[in-house]
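Subject: Structure handover

Hi,

Here is the structure I promised to pass on.

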Amino acid sequence: MVKGKSLRSSRGSINWKAVGRRIRELRGFDMSQEEFARSIGVSQGHFSYMERGEKEIGAEILLRIHQEFGKSIEWLLTGEG
């Protein structure tokens with residue numbers, strides 16, 4: 001739990017499509033998928049699945065995104081914080 005709120009939706013799981021939308025927002029229009037993927041150490045193909053919400057994102061990759069781009073893991077997972 002984070003500040004009394006669960007990281008899970010009412011269905012009991014993280015909304016990976018919403019996480020992917022936040023990552024897309026973070027990437028912006030000035031950075032390609034390939035550039036972003038390289039900066040966090042994954043392939044462009046894997047990153048594409050993540051951005052579309054088709055893959056769960058592990059803690060290690062979330063931590064790399066946090067370290068590289070300064071966004072909190074809470075924001076990546078929930079849109080808050």
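**Phe47 and its surroundings**

Setting aside neighbours within four places in sequence, phenylalanine 47 is in contact with Ile23, Arg27, Gln33, Phe36, Ala37, Ile40 and Val42; contact here means heavy atoms within 4.5 Å. Before you read on, a word on the source: this is a predicted model, where local features need pLDDT of at least 70 and side-chain atom pairs count only at pLDDT 80 or more, while totals for chains, interfaces and linings use all residues. Residues are numbered from 1 along each chain as its sequence is written, and side-chain values use heavy atoms, with hydrogens and water left out.

Glutamine 33, one of the Phe47 contacts, sits in helix 2.

Histidine 46 belongs to helix 3. Because its relative accessibility is 26%, histidine 46 counts as partly exposed (buried is under 20% relative accessible area, exposed over 50%, partly exposed in between, with a 1.4 Å probe and protein chains only). Beyond four places in sequence, histidine 46 is in contact with Lys55 and Ile61. The C-alpha atoms of histidine 46 and glutamine 33 are 9.9 Å apart, and the two residues are 13 apart along the chain.

**The overall picture**

The protein has 5 helices and 0 strands, so the order from the N terminus is α-α-α-α-α, where helices (H or I, at least four residues) and strands (E, at least two) are DSSP runs numbered from the N terminus. Of the 81 residues, 35% are buried. The accessible surface is about 5,200 Å², 48% of it belonging to carbon and sulfur atoms (Shrake-Rupley method, 1.4 Å probe; for residues, only the protein chains shown count as cover). Among contacts between residues at least 6 apart in sequence, 53% join residues at least 24 apart.

The largest nonpolar core has 18 residues, and Ile23, Ile40, Phe47, Ile57 and Ile65 have the most contacts inside it. By nonpolar core I mean a set of buried Ala, Val, Leu, Ile, Met, Phe, Trp, Tyr and Cys residues joined through side-chain atoms within 4.5 Å. Two or more residues each come from helix 1, helix 2 (33-40), helix 3, helix 4 (59-69) and helix 5 (73-78), and helix 1 gives the largest share, 4 residues.

**Two helix pairs**

How do helix 1 and helix 3 cross, and at what angle? The axes of helix 1 (residues 16-27) and helix 3 (residues 44-51) come within 7 Å and cross at roughly 120°. Axes are lines fitted to C-alpha atoms, for helices over the stretch in contact, and angles run from 0 to 180 degrees between N-to-C directions. The pair is therefore oblique (under 35 degrees is roughly parallel, over 145 roughly antiparallel, 65 to 115 roughly perpendicular, the rest oblique). Gly20, Arg21, Ile23, Arg24 and Arg27 of helix 1 meet Phe47, Met50 and Glu51 of helix 3.

Helix 2 and helix 4 pack at about 105°, with axes 9 Å apart, which makes them roughly perpendicular. Here Phe36, Ser39 and Ile40 meet Ile61, Arg64, Ile65, Glu68 and Phe69.

Cheers
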